[in-house]
Amino acid sequence: MRRSSTGRVQLLGFLAIALAGASGCKSASAPPPVAFTSEDWSYRGAKGRKLTSDHYELFTTCKSKPFVDAMPGFMETCWSAYEKLISPFAPPKKCETYLFGSRRQWEQFTEEFAPARAAIYKRIRSGGYSERGLTVSHYDTQRSTLSVLAHEGLHQYLEVTRSREVPAWLNEGLACYFEAFELDAHNRPTFTPTKNYLRTPGLREALTGKNLIPIKEILGTHAGIEVQKKAVQVRNYYSQEWALIVMLMRPKKENSYHEAFQLLLAEMGTDTMLRKANAMMAADTEGGMTLGEAVFQAYLSDDLAGFQAEYEAYLHKLMDMDG
């Protein structure tokens, strides 16, 4: 979860755990090891470790040494994937990431770090949040915990590499895009965004029940609002966020929005993006356009009804369901 300067919140609320890649593919040769330093650290008397790598300061009270030792390699591989998709504007400071060994420690830290939003954050059954450049999560299972770290890491990456706010639908959707992966023999992720088995049940549920959230609403809402709704609605929201980005990320030969979306990725969180969005909002005679919708219309399509039809058709295809 991430709280932006405008008070909007992006968060990952795992209401069910089902991740891709139960076992990874072994690479032909070992990747170069990720260099990191380790030192003692503690939280409220619980012994832990602080691991420092090129881009991260990782604080954890998890007790499994093999898991903890693999964290820098996992997170630095995530950073490389984020950077490949979204070029950073400037070298950022090291990112602080907290992974607690128990939910109770996570709740205590949250109450201290973000007292005004702790009640909302604690509604997350198994997940994490990103705020003020930090990510905070707790251990659940290895697979689910790594997925949380990859999701929240994307929020954190955008916060430290963008100069302007990134629309919630784009921020949250991109975070969901990195949730699914296969692990190699060295615990490095290879991302498999179309095989996000955490999100596919929620999307199938929404399609079967004809309960899709309209694209205009997806563009105008944010996770801080959605996470307070019923569990089925939360599942629907995150699933549609994931599917929207997967649709827009398809290759050019099957995606008429490909080039426009790549331009948006290059300009998101910049003054250029904001100027284009402001121009779109200024031309809105009804005066109710949100930033998220303005960015979408400026870069992708001002025909939301037409896009809605394409989007629904793609969702059925993605789930291999008849429309």
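Ala, Val, Leu, Ile, Met, Phe, Trp, Tyr, Cys and Pro count as nonpolar, Asp, Glu, Lys and Arg as charged, and the others, Gly among them, as polar. By these classes, the lining of the largest pocket has three nonpolar, four polar and four charged residues. The model is predicted: local features need pLDDT of at least 70, side-chain atom pairs count only at pLDDT 80 or more, and totals for chains, interfaces and linings use all residues. Residues are numbered from 1 along each chain as its sequence is written, and side-chain values use heavy atoms, with hydrogens and water left out.

**Pocket**

The largest pocket holds about 150 Å³ of space. A pocket here is an open set of points on a 1 Å grid over the protein atoms alone, where a 1.4 Å probe fits, with protein on both sides within 12 Å along at least five of seven lines; lining residues have an atom within 4 Å of a point. Its volume is the space filled by probe spheres set on the points. Helix H6 (200–208) and helix H9 (231–248) are the elements that give two or more residues to the lining. Among the lining residues are Gly202, Glu205, Lys229, Gln233 and Asn236.

**Helix packing**

Helices are DSSP runs (H or I, at least four residues), numbered from the N terminus. Axes are lines fitted to C-alpha atoms over the stretch in contact, and angles run from 0 to 180 degrees between N-to-C directions.

| Pair | Angle | Axes |
|---|---|---|
| H1 (residues 65–85) and H4 (residues 142–161) | roughly 45° | within 10 Å |
| H11 (residues 271–282) and H12 (residues 291–299) | about 100° | 8 Å apart |
| H5 (residues 168–177) and H9 | about 85° | 8 Å apart |

Angles under 35 degrees count as roughly parallel, over 145 as roughly antiparallel, 65 to 115 as roughly perpendicular and the rest as oblique. H1 and H4 are therefore oblique to each other. Their crossing is right-handed, meaning that the near helix is turned clockwise from the far one by less than a right angle. Contact means heavy atoms within 4.5 Å. Phe67, Phe74 and Trp79 are among the H1 residues that meet H4, whose side includes Leu146, Leu149 and Tyr157.

H5 is roughly perpendicular to H9. Their contact includes Trp169 and Leu174 of H5 and Tyr237 and Trp242 of H9, and has 13 nonpolar, one polar and two charged residues.
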